[in-house]
Structures are given as structure tokens and as C-alpha cells.
Amino acid sequence: MLPHHALDQDQVNNDRSMEKQLLKKLLKNLFSHTCSIQFWDGEEMIMGKGEIRFRIILKEPLSITEILTNPSVTFGEAYMNRKLEFDGNIQEIIESIYGNPKSFLRYKGRFSKIIKPMKNTLQNSKENVKYHYDIGNDFYRLWLDKSMTYSCGYFTSDTDTLEQAQCNKVEYILRKLNLREGCTLLDIGCGWGELVITAAKKYKVKALGITLSREQMERARERIKEEGLEDHVRIAQMDYRQLQKRFDRVVSVGMIEHVGKEYLPEYFKNVHALLKEGGISLLHCITSLKGGTNRWIDKYIFPGGYLPSIKELISYISEEDFYLIDVESLRRHYAKTLEHWAANFEASVPEIKKTKDESFIRMWRLYLNSCAASFKMGNIDIHQFLFTKGLADEIPWTRDYLYERK
């Protein structure tokens, strides 16, 4: 009769073998391209036929239960902790997942409906923003463009640089707002201030930018002083729900994704209160087909975030009796923007290593590349919504004014 410890080891081996077989079945239909899966025990499995496009290297076993219940966190943490490695272009590997309709991650991994969202109260919103944006201006300066614009660029051609694309985007938004000299402009979630600074310089408006990030506020104020625009632009660290003034124009770029599903109606109610009669508002934000939250991104990148659906946003716009003037998708523009950011990030890794550990670097690498893949494959989208409070018939009859070179 075998000793108990031998029987116990046999059971462990059987369990591991079964877990590995189940993992093979899950991985079999995961990718749309031929690839190699290398397991922790040295076994290699080829998925598909023809040339191998990339390799997935599993250095340790992964829990099938955790993969099935929480795939984005399980795979994301495995990569962060070096249990999982990629031999190939990370963006292309993730695109291969989204490109395979048979992949169990194609829909299960897109957005998780079972996550219980944190309430984005005034205090929680401030903490969530601090978690992401107050990492340090020096970090963002390494891989953003010179203006430190942290949102989707607008590429008028394949040869546009990242910096040019961000200038294009700011100008495009300001044209859509149909600004006039002396207009009052509010930027909700103003980042490092590029939009309000450009609006004041070019259109001579009176602008207020608000952010919850102290790092962003301090740098934006420095820029305003450098430009000599103190009489035209002001930056405040505050929540949009704390503001009582009214403006001719209200713009928000990449902020509503942090509001949370529960607070979307409140956002539009506040914009209605902040806009003067006849005022114009532009909302620039990431959207999804049905609305949701990726659990890995919620845990490690944007706590409290929620990507609204187009249906939700248009519904709330209508509920406040706004007139919806224009809706435009910039999906391909964000994919290209993220590809620039990812390349800049990789070039900056030696510098980033001086202050950040390997897990942080791998986390951000995965974040930038997975987002680029998601936009490129249409897993998520980005839209600009232009709407007015009451009639605003001074907007030109056609969209030609948006493309005229000045």
C-alpha cells in the first residue's frame, strides 16, 4: 500500500493534468491567427495552421475557475506578475482575440456586468482621479505629446505626428463649439489645460477649466502664466457639481467615462444648469455598444469608471430637452493615438524604470496596447456629441466650416 503522501501527490498531479486539459480547450479557440502556446512543463501546442504569428508563454498554471469568472483580471495580473509572457506584438495578439468570434473572451471579456460599481460621490470621484492622474506629471510628460493632451487625437492624414493630431483635435472641437470673441467657456475635466489655453489665445474667450487632479491644475496654471493669459483663463480644482455659474459653451473631453453609470443623468442635469439659453455643449467620450466596465481596468487603471453606450447618452441628452446637432465617431483616430502613446511609452521605459517597478511598467504596457486593439477592432468606440440648450441657429448650415483651413 502506498503512503498517504504519495496518494496526495498523485491527486495533485491528476488535478493539475485535468486543469491543464481544460485550459487547452479554452485556449484552442481563443485566437484568430496561428500561434504557439508554451506551458509551464515545457509542452508546446500549435493553434491553427500555417505560419506562427506569435507565442503565448505560460510560466505557471492559471486557475480555470478564475479565468471563467474573471478573465480580464486573471490574465492581466498573470502578465503583470510575469506568470504570462507574450512573444510578439501585444496589440496584435489582443486584436487576434477580438477578431475570433468563437473566442470565449470575445464577449465574456469585453465588459463585466457583475462588478458592483463604487459610488462616485464627490469624495470618491476625487480619490479615483488622484489614483490615475496624480501619478506625476513627469511620468505623463515622457510619452504624451508636448501639450500633454491625454485624449484622442484627430489625424487628417497618415503622416500627421501625434503633436499635430492633438492640435487638430483641439481646433476641431473649438470649431464645433462655434466660438465667438468674448464667449464664456467651461471645460469639465480640463487636463493640463491645452483646450482652454488655445481657446483663449485663438478665439479670445473667457475660459474656466476644472479638474480634480492637483498635478494637472498646478501644471495648467504654470502654462497660463507662461502664456500671459491670467486675465482670460482660470483653472480650478473642483467637481463640476460644485459650480454655480452659467456659460455660453460647455465642453468635456474624456471625463464622463469617470462619472459612473449611476451619475450619468446628474451630469446632463448639471450641464443643463451650467449652460445659458442658446448655449452649445460638446461631449467627447469613449463609448461601448451596451455600456459596461472592464474589471481589470477598473481595478488597476480607472477605478469607478464606466463606458456608456450611445443609446444611454442620447437618451439623457433628450431627457434634458437638449437639441442634438451632431454625432461623430473617431474610433480609428483613437486607435492611432494609442499606438503613438504605446510606442512613446516603450521608448521611455529606461527612464520610467528609475521610479516605477516592473509590475507597473507591464500594467501600463498592457493597458495602452489593449486599448489600441479594442478601438481598432471596434470593441469600443469614441464619439463627439454636439448639442444645444434651446435653439442655436448661429451654427453654420453645413459642416463645411469644420474643415476650412485658416
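Modeller: Before we look at the sheet, a ground rule: two strands pair if DSSP finds at least two bridges between them. Strands (E, at least two residues) and helices (H or I, at least four) are DSSP runs, numbered from the N terminus. This is a predicted model, where local features need pLDDT of at least 70, side-chain atom pairs count only at pLDDT 80 or more, and totals for chains, interfaces and linings use all residues. Residues are numbered from 1 along each chain as its sequence is written, and side-chain values use heavy atoms, leaving out hydrogens and water.

Colleague: Why are E5 and E8 said to pair?

Modeller: Pairing takes at least two bridges. Strand E5 (residues 184–188) and strand E8 (residues 247–253) have four and run parallel, so they count as paired.

Colleague: How do you know how confident the predictor is?

Modeller: From pLDDT, its confidence in each residue, from 0 to 100. The protein chain averages 91, and 89% of its residues reach 70 or more. Over residues 108–118, though, the pLDDT is below 50.

Colleague: What share of the protein chain is called buried?

Modeller: Buried means under 20% relative accessible area, with a 1.4 Å probe and protein chains only. Of the 406 residues, 57% count as buried.

Definitions and conventions. pLDDT = per-residue confidence, 0-100. Contact = heavy atoms within 4.5 Å. Buried < 20%, exposed > 50% of the residue type's maximum accessible area, 1.4 Å probe, protein only.
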